[in-house]
Amino acid sequence: MAIRKRIRATEMIPQDLLNILACPICKGDLLYDSKRDILLCQECKVYYPVEEDIPILLRDYARPLEELSKDPSRL
Ligand SMILES: [Zn+2]
């Protein structure tokens, strides 16, 4: 049961995929925030949405990280 739970927790974005994902702006590594279901770039201070398990890694979709703290519904 414990193993099953662990798989479900990482199901949203597989680690393999995460490893090859890069920020479209700086080409740096991205962090996955499973609570908010977003990918964030600490380098650019932006985040990218994840829609239907597909990260939208487009420059046009980059949102400032500050927005997360302004909007309490996303926390
Ligand atoms: Zn970046």
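This is a predicted model: local features need pLDDT of at least 70, side-chain atom pairs count only at pLDDT 80 or more; totals for chains, interfaces and linings use all residues.
D53 belongs to the loop that runs between strand 3 and strand 4 (54–55), and its phi is near 70 degrees, a positive value in a residue other than glycine. K45 is likewise a residue other than glycine with a positive phi, in this case near 60 degrees, and it is found in the loop between strand 2 and strand 3.

The protein chain contains 3 helices and 5 strands, which follow one another along the sequence in the pattern α-α-β-β-β-β-β-α. Confidence averages a pLDDT of 83 over the protein chain, with 79% of the residues scoring at least 70. The lowest confidence falls in helix 1 (residues 2–10), where the mean is 52, whereas the highest, 96, is reached in strand 5 (residues 63–64). Of the 75 residues in the protein chain, 15% are buried. When contacts between residues at least 6 apart in sequence are considered, 22% of them join residues at least 24 apart.

Strand 2 pairs with two other strands. With strand 1 (residues 31–33) the pairing is antiparallel and extends over 3 bridges, and L40 of strand 2 is the bridge partner of L31. The hairpin formed by strand 1 and strand 2 has 4 residues between the strands, and within this hairpin D37 takes a positive phi near 60 degrees. With strand 3, strand 2 again pairs in the antiparallel sense, here over 4 bridges, and P49 of strand 3 is the bridge partner of I38. These two strands also form a hairpin with 4 residues between them, the turn of which holds K45 with its positive phi of about 60 degrees.

The largest nonpolar core comprises 10 residues, namely C23, L30, I38, L39, L40, C41, V46, Y47, Y48 and A62. At least two residues of this core are supplied by each of strand 2 (38–41) and strand 3 (46–51), and the largest share, 4 residues, comes from strand 2. In soluble globular proteins, nonpolar side chains tend to be buried together. Strand 2 is covered on both faces, as I38 and L40 on one side and L39 and C41 on the other are all buried. In a regular strand, side chains alternate between the two faces of the sheet. L30, another member of the core, is in contact with L21, A22, C23, L39, L40 and C41 once its neighbours within four places in sequence are left aside.

L65 is located in the loop between strand 5 and helix 3 (66–70). This residue counts as partly exposed because it has 15 C-beta neighbours inside 10 Å, whereas burial requires 20 or more. The C-alpha atom of L65 is separated by 8.6 Å from that of Q42, although the two residues are 23 residues apart along the chain.

Technical notes: Residues are numbered from 1 along each chain as its sequence is written. A nonpolar core is a set of buried Ala, Val, Leu, Ile, Met, Phe, Trp, Tyr and Cys residues joined through C-beta atoms within 7 Å. A residue is buried if 20 or more other C-beta atoms lie within 10 Å of its own, exposed if 12 or fewer, and partly exposed in between; C-beta atoms are placed from the backbone. Two residues are in contact if their C-beta atoms, placed from the backbone, lie within 7 Å. Two strands pair if DSSP finds at least two bridges between them. pLDDT is the predictor's confidence in each residue, from 0 to 100.
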